[in-house]
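Hello,

Here is the structure I promised to pass on. Please have it open while you read; my notes follow below.

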Amino acid sequence: MAKITLKDLSHSYLTKQSSDADWALKGVDINWEDGGAYALLGPSGCGKTTLLNIISGLLKPTKGEILFDDRDVTALNPVERDIAQIFQFPVIYDTMSVYDNLAFPLKNRGLSKTEIDAKVKEIGEMLELTSTLNNKAAGLTADGKQKISLGRGLVRSDVNVIMFDEPLTVIDPHLKWVLRSKLKELHQKINRTMIYVTHDQIEALTFADQVVVMHEGQIVQTGTPVELFEKPKHTFVGHFIGSPGMNILPCEIENGQINFEGKILPNNTSIKKLNFSKTQVGIRPEFINFSDEGIEVKIKRVSNTGRHKVIDTECSSGIIKILTNASAEIPSDNAHITFDQKYTYVYGDDWIIE
Amino acid sequence: MNKTPNQKAWLFVIPVFALVAFNAVVPLMTVVNYSFQETFGSNVFQWEGTRWFKEILHSERFHASLGRQFIFTFIILLIQLPLGIAIALTMPKKGWGVPVCLILMSMPLLIPWNVVGAMWNIFALPDIGFLGNSLNSLGFDYNFTQQSGDAWFTTILMDVWHWTSLVVLLSYAGLNSIQPAYYQAAEIDGASRWDIFRYIELPKMKKVLTLAILLRFMDSFMIYTEPFVLTGGGPGNATNFLSLDLVKMALGQFDLGPAAAMSLIYFLIVLLMCWVFYSLMMKDEGRT
């Protein structure tokens, strides 16, 4: 059990770095509290697996330090760090039984037979594997196998952190939900620090208390699921979280106010800095309403998802998506829309202006 | 789902059928035909029933060459498999070393069999061959043309040199298909190097190793050209393996009937052994 601190962590897979693009991680700083449930969220290639492998010790970072509590573990290997990691696809020892699979990490750490037996049975129970303990692991289904990989991490009482690298990728959709709830439940039961890497926002948002959103090797925002949804600090978070993502459209800043489509939008604060190469206004589809006045748009397409309607509208700056409930009346051709002032943000060079 | 019967498909099978008939079925049936008859040439045949089979099965000469054949195959499998796996484990996984190793490993496999035999014959000659001469100057009394132990040693060494690469390449392919996550998980679980080999690498290589054993069994059990060129089955009958003996009987003595019966018994032994190997190694696969 440990608090995890990452200090200015950078990593490159190349021996010589000439440009910014050669870095897989660019100066990551994180403080994770002991016993928390965290998610690393981002698209493929954003550096989240690299970061995970650095925390577990499978990779040595090019620059920066990793602290578990206040101990510097940067130079230690995975065994010395006492971590557990669950991979994208189930990693099991085919020739061993389920029981031996779970006992393996304990055996390697020299525990006595009785200790191992008690621990394996406890974890087997927790993961509902008791009836299959004596079966060959290779004969199990994908979710059963993934439970074994998970079990090998949980069985050790000394782990500082349990890491999940997109663990539900190969699991059938209807079982994903079951396993995810199981993970959440386990987290509450054993109260260990857990880090969950995924590109699936639903997985991240349902699992974690704090979600770290990564983009091109950088952390763009850390926050609760609600914060990420209601106040994206970077246009990427706006795009990536939510379905459909945030509307982000070019705008002008005039006298500390937002000028969008020739109209001044009400804004919470007055905007000071002006030296950006681009300024954009961001508003989530959920916070746009039809009204009698406001921005003029043309309705292009309405798609009904069952519970919601997604309306694509067009104005001269581009497409604006609007989300309404399924029963809402939609104007037929031309309409006026207004933005909810509380959730309208301005982004300068992709970062929020506050 | 209902399949619609389409008898036209048979048309497409006919060419393959004809081809297989001419290169396998017809020759094999000719051998079967010979095995029940006696001939003195001039296309005159006389029915002998199962006489040749009985004779071969009770012949000491056949027992001796079959015994030699089993011992030879057993020894080379015992050497080549562990050695092949060991070499594959030490080969680099990336970088410039990969192509270098692969080319080095493929080279013995690309050399024609009779050339291998000739090479080793010269290489091992006790007076002028590098191997033979070196061994003798080191104080060993080595002469593969006269001492049966030396002949066996040279034949086995030649086969190991020629064919271990096949096991290496197959094992290497098997090792390379193991996902890095398995090694990472083992590292996290605190597994020793031996554990990794025993619980990850070996089980994951099972299929390619089955293939390697089958191929090496069949090839070594039917070995002909290399020992023919190297020792000619000698000295005496020391390295007279089954196929060498068969050819001596069929072409040397022109005993076509007994030779045909021997070929069929030989063929059935190879088939039976392959089946036994395969079913033993694949025993667990059906259950998973």
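How many helices and strands does the secondary structure of chain A come to? Nine helices and 22 strands. Helices here are DSSP runs of H or I with at least four residues, strands are runs of E with at least two, and both are numbered from the N terminus.

Some conventions first. Residues are numbered from 1 along each chain as its sequence is written, and chains are lettered from A and ligands numbered from 1 in the order in which they are written. This is a predicted model: local features need pLDDT of at least 70, side-chain atom pairs count only at pLDDT 80 or more, and totals for chains, interfaces and linings use all residues.

Chain A overall

The C-alpha trace of chain A spans about 75 × 50 × 30 Å along its principal axes. Of its 354 residues, 40% are buried. Buried means 20 or more other C-beta atoms within 10 Å of the residue's own; exposed means 12 or fewer, partly exposed is in between, and C-beta atoms are placed from the backbone. Among contacts in chain A with a separation of 6 or more, 65% join residues 24 or more positions apart. A contact needs two C-beta atoms, placed from the backbone, within 7 Å.

The largest nonpolar core has 75 residues. Such a core is a set of buried Ala, Val, Leu, Ile, Met, Phe, Trp, Tyr and Cys residues joined through C-beta atoms within 7 Å. A:Ala39, A:Ile195 and A:Tyr196 have the most contacts inside it. Beyond four places in sequence, A:Ile195 touches residues including A:Tyr38, A:Leu52 and A:Phe164.

The sheet in chain A

Four strands form an open antiparallel sheet, in the order E2-E1-E4-E5. Its edge strands are E2 (25-32) and E5 (71-72), each pairing on one side only. Pairing requires at least two DSSP bridges between the strands. E4(A) (residues 63-68) and E5(A) pair over two bridges. A:Leu67 has A:Asp72 as its bridge partner in E5(A).

A:Thr5 sits in E1(A), residues 4-11. A:Thr5 is partly exposed because 16 other C-beta atoms lie within 10 Å. Leaving aside neighbours within four places in sequence, A:Thr5 contacts A:Asn31 and A:Leu67.

Helix H1(A), residues 48-56, lies across E1, E2 and E4 of chain A, at about 125 degrees to E1(A). Axes are lines fitted to C-alpha atoms, for helices over the stretch in contact, and angles run from 0 to 180 degrees between N-to-C directions.

Chain B helices

H3(B) (residues 60-90) packs on H10(B) (residues 206-221) at about 145 degrees, with the axes 9 Å apart. By class, this contact has eight nonpolar, five polar and one charged residues. Nonpolar covers Ala, Val, Leu, Ile, Met, Phe, Trp, Tyr, Cys and Pro; charged covers Asp, Glu, Lys and Arg; the others, Gly among them, are polar.

H12(B) spans residues 242-252, and its buried residues include B:Leu244, B:Asp245 and B:Met249. The buried residues of H12(B) pack against H3, H11 (225-230) and H13 (256-281) of chain B. After H12(B) comes B:Phe254, with a positive phi near 55 degrees.

Where the chains meet

The contact takes 14 residues from chain B and 20 residues from chain A. On the chain B side, H8 (180-189) and H9 (193-204) each give two or more residues. H8(B) gives the largest share, seven residues. By class, that side has eight nonpolar, three polar and three charged residues.

Best wishes
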